[in-house]
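Biologist: Could you walk me through how the chains in this one meet? I would like to begin with the charged pairs.

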Amino acid sequence: MDRETAFEKINPIICFIYIIGAMALCMFTMHPVACCAVLVMSLLLYVNVCGRGVLNRLPLLLVVYSILSLSNPLFNTKGETILFTYFGGREFTLEALCYGMMLSAMFVSVLMLFGVYHRLMTSDKLMYIFGGLAPGVSLVLSMVLRLVPHYGNQIKKINTARYIKQEGKYSKVANVMSAMTTWSLESGILMADSMKCRGYGCGTRGRFSIYSIKGKDIAVLILAVFLFASVLICRVKGGLDAAFIPRIKISRWDNIYFVMAIWNMILYLAIPIVINVTEAVKWHILRLKD
Amino acid sequence: MQGKSLKRILGYTAMLMLAVMVLIIFWKFGNRNHYVFGTLLIVCGMLPVVCGFEKKKPGAREIVMISVMSALAVAVRLAFAIVPHFKPMAGIIMITGMAFGPSAGFLSGMISLLVSNFAFAQGPWTPWQMFSFGIGGLVTGLLYDKGIIGENKRIVTAIIGGIIVVLLMGPIMDTSTFFLADGMMGDVTPWAIYLSGLPVNAVHAVATAGTLLLVSPPILERINRIKVKYEI
Amino acid sequence: MAHFEIKGLSFCYPNSEKKALDDINITIKKGEYITICGRSGSGKTTLLRHLKKPITPSGKRVGEILFNKCPIEEMDVRTQASAIGYVMQNPDNQIVTDKVWHELAFGLESLGCDTNTIRLKVAEMASYFGIQDWFHKNVNELSGGQKQLLNLASIMAMQPQVLICDEPTSQLDPIAASDFLQTIKKINLELGTTVIMTEHRLEEVFPASDRVVVMEDGKIIADGEPKAVGEALKNKNNKMFAALPTPMQIYYGVGSSLECPLTVREGRNWIDEQLSGKEIKKDRLSEQDLPDLYADTPAIFAKELWFRYSKEAKDVLKGTSISVPKGSFYAIVGGNGTGKSTFLKAICGICKTYSGKIKIDGKNINKYKKEELFRGHLALLPQDPQSLFVKKTVREELLEMAEGADKEETVAKMAEKCELTALLDSHPYDISGGEQQRTALAKVLLTKPDILLMDEPTKGMDNFFKQGFANILKELGDITILMVSHDIEFCAKYADIVSLFFDGGIITTNTSRRFFAGNSFYTTSANRMSRHMFANAVTEEDVIKLCRENL
């Protein structure tokens, strides 16, 4: 894994709330400007958090985007401006196309945000968040995460050991799986013993984690909540209104709520980028001073 | 002790309130976005089993058995990813349900899907898949308890396993596609989605039936030996 | 003051008439370091498990066990969880969670400690055991030694008064084992924790213990200070004598009136004293020259093998060559992670080398079909015998590999050879480690190989099983054996030719005697003890023989 970025050090709960908020923002609006802003910002966020490597996935996302945008008018023929007709009269309308484009932008943004989520919310962070609510399930999760690679190794060992036996592909699979069952259950019994030896089940479990909430985390949370709420208010005030069908009708630049909503959305999605970049710049300056 | 359960209750309440808030917000502003609604519904669907499990205070062996079976499902899936048409995960989850009961089946289905998605990709579909595999484990567990399937009925078990995939698990996963696609493509009927998902589900069903046919008797036998040996 | 008092404890497993424990009486004092030894199956583990309530086996029991004067059944769950720590044999099976830090906190979480307490204790433990460098790692990235240390630390975090260790080092390599035992000693000395330990590697534990208890068939046959126990075993002519540390065995083998040595240092002084004033007439045993390895057609011939696991990874094998003469017992020794096991896998084509040439019986390995190669030519005995087991009984395991018309008879013969006849109907997981290893060997031998490759075959075996195992190997006749091992003593005793493997290649090769006589660190304790007197004594028998001749 690469080095931890600054935003990854934010408390997982706040990080989780932030990402959920970001996904919610994406789904809030169909306004073309807002959608574009969200799309661009999600992309920047995606690249910033997950590294340049994800740029390889751009073509795929582009294909998804195009297919989804173009397919909407095929299903949905409402709209006033007819671009062309096909299949003897079925209409392909501009409004439906625009609507599709907005929806796909939303979808692709959410997909990219899931990429961010996947990178930031590693299993241990997820366990930190839900461990308090479901201690049993989160212990199971932790054990499974520990066992999967361990079992993978054992399967490899069994495969190696069975080199001396010639057998078909599926009979080999069946044998390996039977062997794994016995082996894993037998060692599971010992694992249960080891848990009992360390007092498992002798009362309510306490909870320990290496995470704590620091001043910076609170600051991020307040900022995020403030920006999110302001976008919400602007939305209520009609700042992000957009209708496509039957006619395209969107709010304009002269609407103060619109400008504020867009601006705050961009700011919201920029929080991790700002944190990451600030840290990088600080390091750079520190090094220059030496 | 008291403080902790109070904390937990507060936690649950907070989550519930959050869920309701999110629902209201999306209902009003979310472009009729049903996906969020559906997903919350699914999460609520998983809650009863999870809460039951937490409330029971599971013993060390119980918790270990669920973990072992879930880990086995994921590890086998990862290890034999190269063997063509071999999708063992649903099969192993079903065996878990049969050997350790419906709720253990549900939990290990849920957990193994979550964990294997850490290896592949988390996405909007994760909760749905978790729920779907959980249901698979749960239903097989119930059928086993009723004596409809079992280690002596190898073929029946395999066939019913396949049917569960096609009629239950597949459609649940397709529903996530439906909710995602809803609004995306105008007026899509659920039937179209389910129909288009059928081929994939059929392959999955055949693979699951194959897995059950191939490994369910030996694995169940081995689990039983452990149960007898260690008096579980 | 007594910590544990065990009074008249007898125990039978369900469905068994045989007493697994027979009238055990011991008092264990606070702060004592006590070692319980005995052959496998003597009831050591059963006894230890009786000291920890949650894992006590079920069965018929008489007698009582007192902990701090309180019967162990009446102890509060929480007190017993934290006061009695238990470390088991296999480091992998004890680890529950996926992160090192979480594992350290597991016990404290169970006790319901609050976050701040746990944070402090975890920090303390990590610092005491030097875990801070891998504190954030996944447990799967750790080595075996680190895993066992983590198990120990996570138990010590609960601040137990007694630490029970059930063969904690049997799955570790010698260096990790020695580190682990030193840590235990440190805990005993610095914290005053009582230590109760079972071990079969007595070389290091014996001198460290305050007291040794020897068990046989569920009974205690000797109990006392290490030296006294040594004498008692000698007088009783007990088989356990063969498990004693080398210096003690040599001392009693020679027969001396001086004080009995426990460590190599004491052993050296003892030899000096014993032979002082005597002229050393004979200081070396006859030895053979290393035969020309490349003469005739070697059974295995490998030339400049290069291998790495992936394109980006580092090379594991760096131009390694080897030539194993037909019919020889060839051993490769070397540290952990030097690539020994990989080398074995490369030789039989499981790991594909990207450069180099391998010939088996004079024929290029690539010209063999897979089924031809593994039928009658090569066989690999894996490190972990359990990885070979897929069936319900030992008999079925063997039948799976047997070929030909009269399978049953072939299997019966092989079982006879490997001393498995009595175990044929047992489940392979219900038999002891040494028996599992023999079953694995039998299974592999059923492919009728000319060449047997063995990866660390003596891991976790006690001395008796090792002897039995070696006897089986000797009786195989003209089969060629290539073995990689950490077990220097075993290689010195039984191998013909020994090579040192280091940094992806073979550094030196010689006959077993010359090899170990030539090394000064990486050699047997018998040699380390006597090298200032005798030129080439490497086993206990060698030293005893030379001592006698010079007396």
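Biologist: Which side chain does A:Glu186 meet in a salt bridge?

Modeller: Bear in mind that this is a predicted model. In it, the side chain of A:Glu186 meets that of B:Arg225 in a salt bridge, at 3.0 Å from N to O, and the count between chain B and chain A is two salt bridges.

Biologist: Switching to chain C, what do chain A and chain C bury between them?

Modeller: Chain A and chain C bury about 4900 Å² between them, with 59% of it on carbon and sulfur atoms. On the chain A side, A:Ile164, A:Arg198 and A:Phe208 supply 20% of the area that chain A buries against chain C, which is more than any other three residues supply.

Biologist: Which side chain meets A:Arg198 in a salt bridge?

Modeller: That is C:Glu103, at 2.8 Å from N to O, and the count between chain A and chain C is five salt bridges. Across this interface there are also 20 residue pairs in polar contact, both residues being at pLDDT 80 or more.

Biologist: Which helix gives the most to the side of chain A that touches chain C?

Modeller: α7(A) does, with 14 residues, while that side of chain A as a whole has 20 nonpolar, 16 polar and 11 charged residues.

Biologist: Last topic, inside chain A: at what angle do helix α1 and helix α4 pack?

Modeller: They pack at about 175 degrees, with their axes 9 Å apart, and because of that angle α1(A) is roughly antiparallel to α4(A). Among the residues making the contact are A:Phe16 and A:Ile19 of α1(A) and A:Leu113 and A:Phe114 of α4(A).

Biologist: How many of the contact residues are nonpolar, and how many charged?

Modeller: The contact of α1(A) with α4(A) has 14 nonpolar residues, one polar and no charged.

Key
Residues are numbered from 1 along each chain as its sequence is written. Chains are lettered from A and ligands numbered from 1 in the order in which they are written. This is a predicted model: local features need pLDDT of at least 70, side-chain atom pairs count only at pLDDT 80 or more; totals for chains, interfaces and linings use all residues. Side-chain values use heavy atoms; hydrogens and water are left out. Buried area is the accessible area (1.4 Å probe) that two parts lose on being put together, summed over both. A salt bridge is a side-chain nitrogen of Lys or Arg within 4 Å of a carboxyl oxygen of Asp or Glu. A polar contact is a pair of N or O atoms within 3.5 Å; within protein, one must be able to donate a hydrogen and the other to accept it, and residues adjacent in sequence count only if both atoms are side-chain atoms. Helices (H or I, at least four residues) and strands (E, at least two) are DSSP runs, numbered from the N terminus. Ala, Val, Leu, Ile, Met, Phe, Trp, Tyr, Cys and Pro count as nonpolar, Asp, Glu, Lys and Arg as charged, and the others, Gly among them, as polar. Axes are lines fitted to C-alpha atoms, for helices over the stretch in contact, and angles run from 0 to 180 degrees between N-to-C directions. Angles under 35 degrees count as roughly parallel, over 145 as roughly antiparallel, 65 to 115 as roughly perpendicular and the rest as oblique. Contact means heavy atoms within 4.5 Å.
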